[in-house]
Amino acid sequence: AIPYNHKEIEKKWTKKWEEDPINVNDGKKPKYYCLDMFPYPSGNGLHVGHWRGYVISDVWSRYKMMKGYYIIHPMGWDAFGLPAENYAIKMGEHPAKSTADNINRIREQIKQIAAVYDWDMEVNTTDPSFYKWTQWIFVKMFKAGLAYEKEMPINWCPSCKTGLANEEVVNGCCERCGAPVTKKNLKQWMLKITAYADRLLNDLDKLDWPEKVKKMQTDWIGKSYGAEIDFQVDGREDSIRVYTTRPDTLYGATFMVLAPEHAMAAGLATAEQKKAVDDYIFQASMKSNVDRLQDKEKTGVFTGSYAINPINGAKIPIWLSDYVLADYGTGAIMCVPAHDERDFDFAKKFGIPIIQVISPDGKENSDLKEAYVNPGVMINSGEFNGMNSEEAKAKVPDIMEQRGLGKKTTQYKLRDWVFSRQRYWGEPIPIVHCEKCGCVPVPEEELPLLLPDVESYQPTGTGESPLAAIDEWVNTTCPVCGRPAKRETNTMPQWAGSSWYFLRYVDNKNDKELVSKEKADKYLPVDMYIGGVEHAVLHLLYSRFYTKFLYDIGVVDFDEPFKKLFNQGMITGKNGIKMSKSKGNVVSPDDLVRDYGCDSLRMYELFVGPPELDSEWDERGIDGVNRFLNRFWNLVMDNKDADMTPTKEMEKLRHKMIYDITTRLESFSLNTVVSGFMEYNNKMIDLAKKNGGMDKKTLETAVTLLAPFAPHICEELWSQLGHETSVFVDNTWPECDESKMADDEKEIAVQMNGKTRCVVTLPVDIDKESALKAGKEALGDKLSGTIVKEIYVPGRIINIVVK
Ligand code: ANZ
Ligand code: ZN
């Protein structure tokens, strides 16, 4: 037979697919949108690690295609932003040129993967026809009050010379370059993502995403509940309202403290305490807030009055102290010395009782050396005893609310998004500053506001972008009043384009709308999104925010962009070290494609390990995959004309193979799909040997199942099997008949008086009488004495009881 020649085959089918695309939209098929996180066109090109995600998404796309879907499977470029600009500066080239060169090179490299991308849908975030809409969204947000300017100390990377969003600071360092981040006071454009905090949190429930990513977003949004609780003053009608983030500790409140400026402070003083209280209030008024918070030694004065703890009726002393600020919360607090450091110090100093109400192990510590601030088990807390403190934290405010003694409060960790970058290579923020009219958006019909050409695109480090140096660009007229005005010179962060690019693919040439209603309804949203986990709180949160905004203004009809998410693990170099040019451990796919072929590399990318985990690249392994493809090739070629009727064994193997491959594929266990193919290939080779051939249906089934993984070789074998059309067209994913998978014979233990003596192989549907007869025959000479009972447990045991 002809040997497997990957070079010829791959060349032949690449050409055929180009002439005759396999993913056709006939208008009748349902759509399936499978999206890759689009790459930065960096100067380093693709390595075998980049391949992995693209292979996973392509296998999934082809599988869905064979299940009858029209696939939306696009590719594009996230080309603005720091990496591209830093690269351009390093190479001494204009970023526009180096970006375009990189895109052209990487596009060719991606084509080697043979993924079914629809290149007609390509987008590039730096293309004016694309960033016109990035700017348009900003203008819409501005008009909706969601984009605003604010002077504030922001995260500043001294090395990248630009401001950063909170999400871009990792452990105090710049997410891009690793330099320690400092603070800088600058006027910033902010996006009010906090207005969407609740929706971003609640709608996570709708998503079929890895729990790990949902948890990261939940923690980042960081919604927490506190409470305001009323404490009645003992012997009086009025009460003092406190603000607390720890309502779970209410049983442990052994005193109260009011800020000296609190409106009720002076009035709480009893006759004996009046002088001391007035003195303290006067002294406190001389100190600044900063001094007050930094004072190590706590000071304070007892008012002489008491309050009633609303949960247990305890009478607790009311103090004044300057560690409570007047302008935060309600200016009054309940003090829980066992669980708050400041309260602990205060209680120790003034001899106030300390009652522990939360314990790590449920046991009380009679000699607390410091406040225990962590969650734990409730103790000394009446009806809450034994409960987890986090649960009590939610319950106490409810109870207070029901009794009319307070209310729940909410706060978030999420902050508004710092959206200005003091860099050249980004979308200009389409705002004009007018002395009379303030911030005026560039009129929508004048978009895109083109990024002007500059001579020097190096960051200035002054807090202004290089655009500020181009007078003829900066100086303009106000779109409202026509007077001289100045353009905003900051640019948008890299995340601006990537927050919505997936919407544009399906209508990338539309110059009237971001995406037409018709196309959005037909092809969006994304059904499956595949990419690395490193984007969990940046891109994946921003995209959800943008989509919700576009939903609110009626651009799209859905408010979540990505129904399902799969995060692939990284391919690393030896010892788990990340592949990078600087470490010199980058493995290029080019040589591997040349030596083994695209199909072998695709399968090996999946074979290296579970797709969701990081896997070390070991180049030698690709041999094994290549050998498998050779053996499979020979099996099909040797038997394609055998004209065999399938034996029962062949039938069974075929259905089991469909079942195993499909269930493993459905659960994304792609490495075990590849090993499954290897096992079934060996079984088929054995069967063919035993029977002098292999039936055509089994061979066709195997070729069909393997096609999403190794498309070229399967196309060739499919045509060798006599088909005129592609294995992906007019062919469907095989169905498995589970009844045909069942074994029709089974091994059954034969016992005498309950002890196993031998084993017989019997048909599964054998009747009782024949089973017992076969069992007795199998026992033969071992059977002695008089039979008193004969037992048959179908499919399991035969037991002959003798005396
Ligand atoms: C009881 C309690 C028990 C508290 C416990 C903490 C730990 P953040 O997270 O910063 O909002 N607090 C409230 N208002 C204050 C004010 N005006 N000046 C000084 N401290 C004030 O902190 C809220 C917590 O700080 C509140 O929760 C309150 O003390 C205190 F084991 O209430 B806590
Ligand atoms: Zn104006």
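Biologist: Which residues in helix 1 meet which residues in helix 23?

Modeller: In this predicted model, Ile9, Glu10 and Trp13 in helix 1 meet His712, Ile713, Glu715 and Glu716 in helix 23. Sorted by class, that contact between helix 1 and helix 23 has 3 nonpolar, 1 polar and 3 charged residues.

Biologist: At what angle do helix 1 and helix 23 pack, and how far apart are their axes?

Modeller: As a general idea, a pair of packed helices is described by the angle between the axes together with the distance between the axes. Here helix 1, which covers residues 6-19, and helix 23, which covers residues 711-720, pack at an angle of about 85°, and their axes are 9 Å apart. Because angles of 65 to 115 degrees count as roughly perpendicular, helix 1 is roughly perpendicular to helix 23.

Biologist: Turning to the backbone, which peptide bonds are cis?

Modeller: Most peptide bonds are trans, and most residues other than glycine have a negative phi. In this structure, a cis peptide bond joins Leu447 and Pro448, with omega about 5°, and Pro448 lies in the loop between strand 21 (438-441) and helix 12 (471-474). The bond from Leu524 to Pro525 is also cis, with omega near -5°, and Pro525 lies in the loop between helix 15 (517-523) and strand 24 (526-532).

Biologist: What is the phi of Ala114, and is Ala114 buried or exposed?

Modeller: Ala114 is not a glycine, and its phi is positive, near 65°; this residue lies in the loop between helix 4 (95-111) and strand 4 (123-124). Ala114 has 22 C-beta neighbours inside 10 Å, and therefore it counts as buried. Phe668, also a residue other than glycine, has a positive phi of about 60° and is found in the loop between helix 20 (648-666) and helix 21 (670-691). Phe668 has 18 C-beta neighbours inside 10 Å, so it counts as partly exposed.

Biologist: How many residues surround ligand 1?

Modeller: There are 15 residues around ligand 1, and the closest are Thr244, Arg246, Gly329, His339 and Asp340. Strand 11 (239-244) and strand 15 (332-335) are the elements that give two or more residues to this shell, which divides into 7 nonpolar, 6 polar and 2 charged residues.

Biologist: What does the radius of gyration say about the chain?

Modeller: The chain, with its 25 helices and 31 strands, has a radius of gyration of 36 Å, well over the 28 Å that the globule rule gives for 803 residues, so the chain is more spread out than a compact globule. Of those 803 residues, 41% count as buried.

Notes:
Residues numbered from 1 in each chain as written. Chains lettered and ligands numbered in written order. Predicted model: local features only at pLDDT ≥ 70, side-chain atom pairs only at ≥ 80, totals over all residues. Near = placed C-beta within 6 Å. Helix = DSSP H or I, 4+ residues; strand = E, 2+ residues; numbered from the N terminus. Nonpolar A, V, L, I, M, F, W, Y, C, P; charged D, E, K, R; others polar. Axes fitted to C-alpha atoms, helices over the stretch in contact; angles between N-to-C directions. Parallel < 35°, antiparallel > 145°, perpendicular 65-115°, else oblique. Contact = placed C-beta atoms within 7 Å. Rg over C-alpha atoms; globule rule 2.2 N^0.38 Å. Buried ≥ 20, exposed ≤ 12 C-beta atoms within 10 Å, placed from the backbone.
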